Amino acid sequence: VLLYLTKRVLAMIPLLIGITLISFITMHLAPGSPTDLATNLNPDISEMAMERLTKLYGLDKPLHVQYWNWFTRLLVLDFGNSFSPDARPVIEKIAERLPVTISINVISLVLVFIMSVPIGVYSATNRGSFFDKASTVFVFVGFAAPGFWVALLCMIFFGVYLDWLPISGLTSLGHEALSFWGKIWDYAEHLAMPVLISSVLGLAGMSRYTRASMLEVIRQDYITTARAKGLRESAVIYSHAMRNALMPIITILGLSLPSMIGGAVIYETIFAIPGMGKLGFEALMGRDYPVIMGVLVISSVLTLVGNLLADVAYAVADPRVRRR
Amino acid sequence: MNTGKRQRYNLMKQPSLLLILAAALVLAAATASAQDGPVTGGRIVYGSLSDPAGLIPMVTSDSASTDVQTFIYSGLIDLDKNLNFKGDLAESWTISEDGLTIAFKLRKGVKWHDGKPYTSKDAMFSYKFMVDPNTPTPYAGNYKKIIKAEAPDDYTFIVHYKEPFARALLTWSLSQLPSHLLKLGEDPRKSPLYRNPIGTGPYRFKNWDPGSTLELTANPDYWEGRPNIDSVVFKVIPDLATQFLELKSGGIDQMGLTPIQYSRQTNDAKFTNSFRKYKYLASAYTYLGYNLKEPLFKDPQVRRALTHAIDKEEIVKGVQLGLGSPATGPYKPGTIWYNPKVPRFPYDPELAQKILAGLGWEDHDGDGWLDKDGKRFEFTIITNQGNTQRANAGVIIQHRLAKIGIKVELRIYEWTAFLEYFINPGKFQATILGWNIIPDPDLFNVWHSSLARPGGLNFISYKNPELDKLLEQGQNVLDPAKRKVIYDKAQVILANDQPYTWLYYPYALPVVHSRFMGIKPAPAGISYNFNRWWVPKDQQRYQLTP
């Protein structure tokens, strides 16, 4: 088992290097540079100042030299300093934001899992029922609706019209003065909409997968055998069928990590949540190369780790994989 | 003077409320004066599109930072509600006959937020800070023109220039920095003051939660007296739609509206009861600029004909929903620099057609488009993505020009690509863009022929030796009356040549929660007297906790 893990971890390294190399190149191919945005069309800024900035950032060196410099620093986990005028270490900026994004993603992942499995199982076992049809419609609407649009509608409805939930941010003003439970409640209120929206969108796909894989499993011979043994229907479904049906779901959960991080960019920007998605978005707009690369590396690592965890979980759940 | 990261001075996408300078009042909302006079207390919440980069002025250039810095720091001089100079940390100043020396008499008894007195040492330091090669500031140019600065005693500060510099006084609105807390030669961005500033302004820094909120608190020792409102909060909300919803639900107290929000989405009783809307001309204009390297636009008669063919009123109506006014030149009506007596080319499509026919542009082949020597009159207008007003203006222009037989194509590009591939190298035919109008009339950077080069702001390559001479003169004359003569002439030249078709001046459309009293709109906008705004006791939502 240990050997398997080591192999997997080692295989991640060239993959990661490849990812950083490609992103580094595409990032520099994109029009605009960090110096432009501060200096373009600005009469107060002299050209000398622009050259000085270019030199300061090391942007005058050839691309491969820039990459090598960046890469050697990465080996000692130094992501450099941000190009934005705050010039803070990238690692500090990310560390400040990462917990928020991870907690939101974990909460919505858990929500997705606990809601989509029952929905999927129920739709599969009661195929063609009203519930199945209704959930199909709901799921397709959820899948097709653009997240930012749903978010804005929810904000208008819950935030402005009903005035139940705060519209944006992570905390209210005066959060520090609240009691412990008051703080928790404050977070909960602020996170309700973003978490719900991101999980409803995730729910759509996941419940479909569960339904499909459940349907497939139900047709298998061993289910017929289980029924023939005279087991109760619930035992057939929940202990025999569901276990097997959940196998592919584990993989899909692992694979959905990158799309969740991608989604974070959208809802963190709309809901003004100070997470990594918003940081990445701002860095991208400001061509803040070190921060873009930092966010990319961290999210690639997270994705790769997510995949690894999914594989491990798969191996734990399925003895056949372990033997291979 | 700063307005916006990638859209400073110029291509503003939305006016920064705190910085709207120079504005002619159109609508004065009568403030319901509560019985009792101004009281202290209360809190105002602003929405900010991004987290400030840092809080040491002149090192940053983003609007979020500038918005916060305005509350914390003060300069030697400031602009009053009519955009005239007034003393701030300088009580008074004298300019020598030859215009080469300015002597500031500094105010006594001003204290830094940490209690230390403000003296000429700090003024000297602020100057040295700007010209120090280690200071990462893009604004050093203005201060490098000084040949000698001296501080003979604690309350006198004198600067000498090599040659007269017209904008000199304005550059002394420079935020003053504490000499006892900063050191020359060190990167100011590494200083603790960068994230925990000490200034002399009306508000003190209190707390900064990166990426979400920043809070300031009233400075009881402010030289002009303690501001009424206890607390100023900036909430980072990167999305404009979200900001608007936050405003509606009471999460923020002030923002600038878009024309559509102003005229269509804020008329329900709930909104009009809790907010007051203002409108006045913003310090900006939108224009259609012709690339004069194109043979098509070489002849000023053609450009005048194009202006005749474009209905500016229609653009104001269609694009700004009437919330703007047709533009004729680079200055704002109602300011002293504006010359109302320039040649105008009003909407008159027949005249436009006649002028063009006189130049040989007629529909010879009968395909509906004008042509000359077998070449059709067609060109492409480009503008940047993310600014619907500009795109819509383009569509209206396209329609009007088609009516007189000119084929126009409209293309919209992402901002950085737009600048890098088209504007900076001068590879375009015509473009719709906007400039901010600054309090000083200097037009050198946009119109002088020396800046008609790749990356220069005169990207339409306008070259007129007569105008060049005026602009050079204008930079060296300090007397406003003499400058007025120069720039009046410059406006006539520009109007005659029509290198741009000036389209419109948009309105600034700020909205403020109605619990704030004491707002008196003036040419400078509404924020100039912010320190005197107040909230009646029963409507205060915030108590200052010791």
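Buried here means under 20% relative accessible area, exposed means over 50%, and partly exposed is whatever falls in between (1.4 Å probe, protein chains only). Helices (H or I, at least four residues) and strands (E, at least two) are DSSP runs, numbered from the N terminus. The model is predicted, with local features needing pLDDT of at least 70, side-chain atom pairs counting only at pLDDT 80 or more, and totals for chains, interfaces and linings using all residues. Residues are numbered from 1 along each chain as its sequence is written, chains are lettered from A and ligands numbered from 1 in the order in which they are written, and side-chain values use heavy atoms, leaving out hydrogens and water.

Chain A comes first. Its secondary structure amounts to 13 helices and zero strands. The C-alpha trace of chain A spans about 85 × 55 × 40 Å along its principal axes, and 44% of the 324 residues in this chain count as buried.

Over in chain B, helix H5 covers residues 240–248, and its buried residues include Thr242(B), Gln243(B), Phe244(B), Leu245(B), Glu246(B) and Leu247(B). The N-terminal end of H5(B) is capped by Asp239(B), which places a side-chain oxygen 3.1 Å from the backbone nitrogen of Ala241(B). After H5(B) comes Gly250(B), with a positive phi near 90°.

Two residues other than glycine in chain B also have positive phi. Met58(B) has a phi near 70° and sits in the loop between strand S2 (43–48) and helix H1 (63–72); Met58(B) counts as buried because its relative accessible area is 18%. For Ser461(B), phi is about 60°, and the residue lies in the loop between helix H13 (444–447) and helix H14 (465–476). With a relative accessible area of 12%, Ser461(B) is buried too.

Thr101(B) belongs to strand S6, residues 101–106 of chain B, and its 19% relative accessibility is why it counts as buried. The side chain of Thr101(B) makes a polar contact (a pair of N or O atoms within 3.5 Å; within protein, one able to donate a hydrogen and the other to accept it, with residues adjacent in sequence counting only if both atoms are side-chain atoms). The partner is the side chain of His160(B), at 3.1 Å.

Finally, the surface. Lys298(B) is in the loop between strand S15 (284–290) and helix H8 (300–309), and counts as exposed because its relative accessibility is 53%.
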